[in-house]
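Work through the exercises below with the model open. Try each task before reading its solution.

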Amino acid sequence: MDAALDMDAVRDDILLSTLPNIVFDGWSLQALRDGAQMAGYDTATMHRAFPGGVPELVEHFGAWTDRRMLAELDKHPLDGMRVGEKIALAIRTHFEVLEPHMEAKRRLLAYLAMPQNLGMGLTMLYRTVDAMWFAAGDTATDFNHYTKRATLAAVLSSATFYWLDDRSEGHAETWAFVDRRLGDVMSMGKAMSAMGRAGRLLSHLPSPARFARQVRQRAGAAPVDTASAHMAENI
């Protein structure tokens, strides 16, 4: 059996045993030690699984969540869905995976808000939205690759805070919030596209500077009424 796969399974076991402890001990070494012991592993194995300690456990939690989200999305007929529907489903699935570990997620936000952990938080957020776009079939490699992920990161971040405080049945208010935010993003995208088309149309109109230059040149070379006629022909 592949040793790397074995260690991945060990990491998952320790993570899942540690998550209930986060409520009491936060994302701490004590919670990790207790989690490893509850999973049936000794201290040496815990250090082999997470040589970087708590930060590595936190990153594994993000990777585990993304993996579970993609596995759940594979159960849906994504090929028959529009991109917006796929993204909405990916966000909902992300939260459904986290549902049993809501308090651990709440504590995680506080952990990642510490200055020394801000970079890790941004990296984890990028990996999650990248996985969502991957599941939605996005293949963009140009500038859109980054704008799509930045936009989705903003939606997912605001939805996370909304979800953590949502007491509605089945988180119905969170799903409605996500639909509204994605609708806003799509409306903004259409407006930006329309502005782009208008900009391309304006680029074909006569230049005001060229018009003024022609007025000055022709004013000195010909009577005013004749110059106006020539300019009208050239614009």
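**Exercise 1: The fold**

Among contacts in the chain (heavy atoms within 4.5 Å) between residues at least 6 apart in sequence, 63% join residues at least 24 apart. This is a predicted model: local features need pLDDT of at least 70, side-chain atom pairs count only at pLDDT 80 or more, and totals for chains, interfaces and linings use all residues. Residues are numbered from 1 along each chain as its sequence is written, and side-chain values use heavy atoms, leaving out hydrogens and water.

Task: state how many helices and strands the chain has.

Solution. Step one: take DSSP runs, numbered from the N terminus, with helices as H or I of at least four residues and strands as E of at least two. Step two: count them. The chain has 11 helices and 0 strands. Step three: read along the sequence. The pattern is α-α-α-α-α-α-α-α-α-α-α.

**Exercise 2: The second largest pocket**

Task: find the volume of the second largest pocket and describe its lining.

Solution. Step one: define a pocket. On a 1 Å grid over the protein atoms alone, it is an open set of points where a 1.4 Å probe fits, with protein on both sides within 12 Å along at least five of seven lines; lining residues have an atom within 4 Å of a point. Step two: take the volume, the space filled by probe spheres set on the points. The second largest pocket holds about 420 Å³. Of its 20 lining residues, K105, L109, L112, G121 and L125 are the closest to its centre. Step three: assign helices. Helix 7 (118-135) is one of those that supply at least two lining residues. Helix 7 gives the largest share, 6 residues.

Technical notes:
Nonpolar A, V, L, I, M, F, W, Y, C, P; charged D, E, K, R; others polar.
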